[in-house]
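Q: I would like to learn how the contacts in a model such as this one are read. Could we go through them by kind?

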Amino acid sequence: MDMNQYLDIFMEESKEHLQGMNAILLRLENSPKDSGLLNEIFRIAHTLKGMSGTMGFNNILHLTHEMENVLDNLRNGKMEITTNVIDILFECFDQLENYISKIESTNSEGEMISGDLINKLNRLLSSPNSVNDYVQETTAIVKNEEEINIEVSDYVAKVIKIATEKGLGAYSIKITLDSKCMLKSARAYIIINSLERLAEIIHSEPSIEDIEDEKFDLSFQLIVVSEHEVEKIQKELNSISDIESVEIKSLDEKNISSNHSIAANEEVAVAQEAIAFSSPNFSVNNNISEEAENTSKKGKSSKTVRVDIDRLDNLMNLVSELIIIKTRLEDTDNAEDRQSMNEATEQLERITTSLHDAVMKVRMVPIERTFNRFPRMVRDLSRDLGKEISLIMSGAETEVDRTVIDEIGDPLIHLIRNSIDHGIEETLERVRLNKDKVGKVKLKAYPDGNSVVIEVEDDGKGIDIEKVKAKALDKNVITLQQSQMLDDNQIVQLIFAPGFSTADKISDISGRGVGLDVVKTKIESLGGTVEVDSVKNKGSKFIIRLPLTLAIIQALLIYVGKEKYAIPLNNIKEITTIDSDSIRKIQGNEVVLFRNTTLPILRLSNLLDVPDAENENSAECSVVIVKKGEKTAGILVDGLIGQQEIVIKSLGKFLNNTSGIAGATILGNGSVALIVDTNSFF
Amino acid sequence: MSNNNGTTNQYVVFNLENEYYGVNINYVETIEKVSAITRVPKAPYYVKGVINLRGEVVPVIDIRKRFNLPDSDITDNTRIIILSVEEMIMGIIVDSSSEVITISKDLIENTSNLINSSEDDYINGIGKIENRMIILLDVHKIFDLKAS
């Protein structure tokens, strides 16, 4: 049976299950006595196990199975819920997530190995109370001093020779599997795979094919060359379970006896082999990665949205109405009935508007999806940083467009990390400042007219204005003169400047200089804005404002020369006419005095190099006043066509970054009109 | 060397300034008549504009400009060949296009001995069929020019 058709459902559901488990485990951590929560996790893990088994994802199956064992023991009171247990469970969830995202991109769960995790789980089971100080007991390094003689082919001997000349190490590795090991070939595969990350395998006994076919007893021997030390390889192998012993021996020419004497024309042969050394042997690896790339391109599963059935019904109704109208229009064509034609057109208009609305609603998903991953993140962060933090979320039910959901996650993660890392003080410092020991991060979403607002607020130390100022001067973001003229609020906004980071020291979490400018760019690319409010020692608040949808917008269509362009209505402040005589040139820039403020004038025909545009206008010309934040500018156009709802289309990969153009739309007559990105003119 | 995916060596042949060119059929999506082309400001010089291809906006390359050939008017024979390369959909304007031919590999001559490998070397080889010479294009190189 072809399982691919169920893949989308599987992905969607398993993601939901994972989120569910994460959320419940978080709650469980706070109330470990609640057996209901434990049962819930167990149930979800069980479902996941069943699902992945049906789909043939054995890694997930295996891991969830081991998780179940642990969970079962927890349920029966055989084990206690400790932080360690919870940590390991979280690790398992992460691993499962990795598998699932791997499936999403390549349609297969890949070769990720959870042996390490399964080991940990098993250790929990076997020694529930001494989990913290477990010992690596599986293997011992066998230092075999006695002379070893390994028979290898000419080829291998030469490769080893070349490798040792190049300063690489050549090792013989004998691996013996545990006698209880199930799926020997799979285990061997895992071992070979992990080895390949550190070393190149040049010989194996029995051959790789035989190992894959499970044609070996419990042990197999490999010869590898590697730039790594024995210890590193040993350590890597030790992390794999089901291995009885690992023997690693260093090889050099002395202890290799080739089964053929090396020929006299050794030099030539070696030279040839050296080439071979760098290509065919290693090409196995390359092929695999190429294959993986190919599948990742082809196998990308489509994105799905789960839709409330009521909304679909509504959509269905509207479409059927549309069909009725269509037949009616066809009829009126014959009857030449003007009146009825008009009626039908009106009705058509009403239905398309509703239809648009309905389709939009189908695309809307609660922002909960994005929010759900934050509690877990905050937990991990607060542990890493040793700060006590509580995350308060509200408005998770606020709905935004599916595209926004996908894009907004990263900027929010960044902001939350920022708040926790830079904003919230160390616990001792908070006590000293008479603040609540537990730092608060508030995440809030709410709809506001035609946009959605998301706020990230913390009660930390706020943004240090002097520090920002000093840093901005230091990085030449502003001049000394500017710094004296800017007010506090303007200075705070400087943190969005490229390459700006106020962290004193670089930490794992943030402060690498790729900072808030990335957040800002991302949000602006979604058509939104981001601002920051900050009060010293009270905290800071980032406010993100996003349009409800990205696909369909209101725009003003205009003429420049003979070409039609669309300007998004969001960017337009007003439309006016001015006397062309009143345009003054100040240092080559055209400016007009409009309502007693100076308004810079931009000629769209120049900005867009429009051919045969009438540059010398008649007495009056149309000006579209556009805004970006506080700044305004007047755009001179040759004619106004009118306001229209437009569907935004991408210009495609090749032209995506064309300056001044935000995309394209298709007009009623089928031709393409470009959407002007007025923000790029400031 | 060729860029063939697999073994297909069928080429869509088109005409430009009395020369015949071929692109591997694996890259060709459709061949369209010329519809309204919208100019894109600030795009590379050889981008003629964008067209509406059944609801998708697709960039069109003026291959004459790209090859430094003189401009020509759009006629009834002018076609846009829609190519798909690495998930990028793009059109090229050609004087006419009407045939698909199979050129076996041994009839394709490597061009490295004919042309010095300048930057504008977008030719994969030359196919020789019954006294005709068909210039086989390397589509990657035609498109891979965003930096310039």
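**Reading the contacts**

A: The structure holds 7 aromatic pairs over all chains, where rings of Phe, Tyr and Trp (its six-membered ring) pair if their centres lie within 6.5 Å, and planes under 30 degrees apart count as stacked, over 60 as edge-to-face and the rest as tilted. One of these is stacked, because the rings of B:Phe14 and B:Tyr21 have their centres 5.6 Å apart and their planes at 10°. This is a predicted model, in which local features need pLDDT of at least 70 and side-chain atom pairs count only at pLDDT 80 or more, while totals for chains, interfaces and linings use all residues. Residues are numbered from 1 along each chain as its sequence is written, chains are lettered from A and ligands numbered from 1 in the order in which they are written, and side-chain values use heavy atoms, with hydrogens and water left out.

Q: Which aromatic pair does B:Tyr21 form with B:Phe67, stacked or tilted?

A: That pair is tilted, with 5.4 Å from centre to centre and 35° between the planes. B:Tyr21 lies in strand β2 (residues 19–24) of chain B and B:Phe67 in the loop between α1 (63–66) and β6 (79–85) of chain B, so the pair ties together parts that are 46 residues apart in sequence; helices (H or I, at least four residues) and strands (E, at least two) are DSSP runs, numbered from the N terminus. Both B:Tyr21 and B:Phe67 are buried, where buried means under 20% relative accessible area, exposed over 50% and partly exposed in between (1.4 Å probe, protein chains only). Ring pairs link B:Phe14, B:Tyr21 and B:Phe67 into a cluster.

Q: How is the interface between chain B and chain A described, and what is the area buried there?

A: The size of an interface is often given as the accessible area lost when the parts come together. Here the area buried between chain B and chain A is about 2,000 Å², of which carbon and sulfur atoms give 62%; buried area is the accessible area (1.4 Å probe) that two parts lose on being put together, summed over both. The contact (heavy atoms within 4.5 Å) takes 24 residues from chain B and 25 residues from chain A.

Q: How many salt bridges does the rule find across the interface of chain B and chain A?

A: A salt bridge is a side-chain nitrogen of Lys or Arg within 4 Å of a carboxyl oxygen of Asp or Glu, and the rule finds 2 across this interface. A:Glu563 forms a salt bridge with B:Arg39, with the closest N and O atoms 2.7 Å apart. On the side of chain B that touches chain A, the elements giving two or more residues are β4 (47–53), β5 (56–62) and β7 (88–94) of chain B.
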